[in-house]
Amino acid sequence: MPTTSDGRPGLTASQTVGPYLAIGLTWEHGEEAVDPGTPGAVTVSGTLYDGEGVPIPDGMVEIWQAHPDGRFHHPDDPRGVAEAPPGFRGFARAQTVDGGRWSVLTLVPGAVPGPDGTTQAPHLDVSVFARGLLDRVVTRVYFPEHAGVAGPGGHAEDRVLAAVPEHRRHTLVAQQVDGGYRFDIRLQGENETVFFDI
Amino acid sequence: MTTDHPAQAAPGPASGLVLPQYERPAGVHPPLDSPDYGSTGLRHPKEPLVLLPHLLTEVTGPVLGDGRVTKDDADLTQWDGGEALGQRIVVRGRVLDSDGRAVPDTLVEIWQANAGGRYRHLRDQWPAPLDPHFNGVGRVVTDSLGRYEFTTIKPGAYPWKNHHNAWRPAHIHFSLFGRAFTQRLVTQMYFEDDPLFFQDPIFNSIPDEKARQGLVSRFDYEATQPEWALAFSWDIVLRGSGATYFETEDVDADDE
């Protein structure tokens, strides 16, 4: 294990997930952040595209998010560890299939405290993995019904959105469709999705 | 916690809530645009990345563990009623963060080619045999000291089409969650002295020589199991605390 100049263990570098991720990363019901049939369950789905607009059929999308009340089942939330609603896990992974489609089932999260007394609008944190991606790329899904909300929980007050150039913010907002939301991810090119340095 | 805690000045903590902050690796991970690895060409973002502070969603993460894993998932050498062919090996190590702290109770997922270099996947059609008793997938949860251990067979090298006569060095894919969304890592473990390193654009995409060598496991004679299996050790280091953030702390540090 290499160490850095100040003696800390050196970080392990990322490598691509490769074309055969389905062997190792397939879970039964992995695409369900919440059990099917749970009241309020919605589908968030979309297509993963490359720089020529060609769908990517061998990628993977993972989501992580707050509960519908904006809390987390996690010891590092200083508000305390919150029990998840029944059947809710807050995490899902979906492989992209032919046509580049991916889909997860979840509950719309609640608003989450942000910096300096602000509130973050409800959002999903998203990791995208694929052959040709040497490290994951990270984005966020926001929801269209919170776009016009003034004050806490609306897009206008969200500091993460505010840091994104205005003309690109629309790439982070899902579209309402039957049964849920559509969120296409464009790794490159026209309307390239905003990705974050995490 | 007061609102004038120095943590508030850092680009991460939520208001009134002091959150752990994670270091931001510089020069460790491969650039997404790595022209020698052809598939990066149309798959790397060209717009600048936007800085994401480490807020609540980023410092939390899924608690995954025992529910996803059975004891048999640590042994890849027995599948479908028989024993896999190839050199039986133990792969073991610790999952740490860059502060040197163990990362316990975290899910480690692996997948790999068989001894002949063939993956059990529809899209892998090169003419090496499938092994009827090897499916190439393993899962464990780290123990209280962050340790993990698999029994598997040494994967073979295999050809791919990135460049003329391209071969991937033998490797095992690893996927880790850590305790926070920020720590999520997918990587590959390699073996010492692989003669194929020189021409592999994936291994060589890591710019720093030390970081590159950090993906190479060490033959571990001590861990070898007599008359049973060779052993390789490999520690995995996830992001620890953001050093810069802690340097800015002063008298109020006791608040934590």
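How many of the residues of strand S5 (residues 107-112) of chain B are buried?

Analyst: The model is predicted, so local features need pLDDT of at least 70 and side-chain atom pairs count only at pLDDT 80 or more, while totals for chains, interfaces and linings use all residues. Residues are numbered from 1 along each chain as its sequence is written, and chains are lettered from A and ligands numbered from 1 in the order in which they are written.

Six of the six residues of S5(B) are buried, and the strand is mostly covered. A residue is buried if 20 or more other C-beta atoms lie within 10 Å of its own, exposed if 12 or fewer, and partly exposed in between, with C-beta atoms placed from the backbone. Helices (H or I, at least four residues) and strands (E, at least two) are DSSP runs, numbered from the N terminus.

Next come the pairings; two strands pair if DSSP finds at least two bridges between them. S5(B) pairs with strand S6 (residues 137-141) of chain B over five bridges, in the antiparallel sense. In that pairing, B:Val108 stands opposite B:Val140. S5(B) is also joined to strand S10 (residues 171-176) of chain B by five bridges, and these two strands run antiparallel. Here B:Val108 stands opposite B:Leu176. B:Val108 therefore has an opposite residue in S6(B) and another in S10(B).
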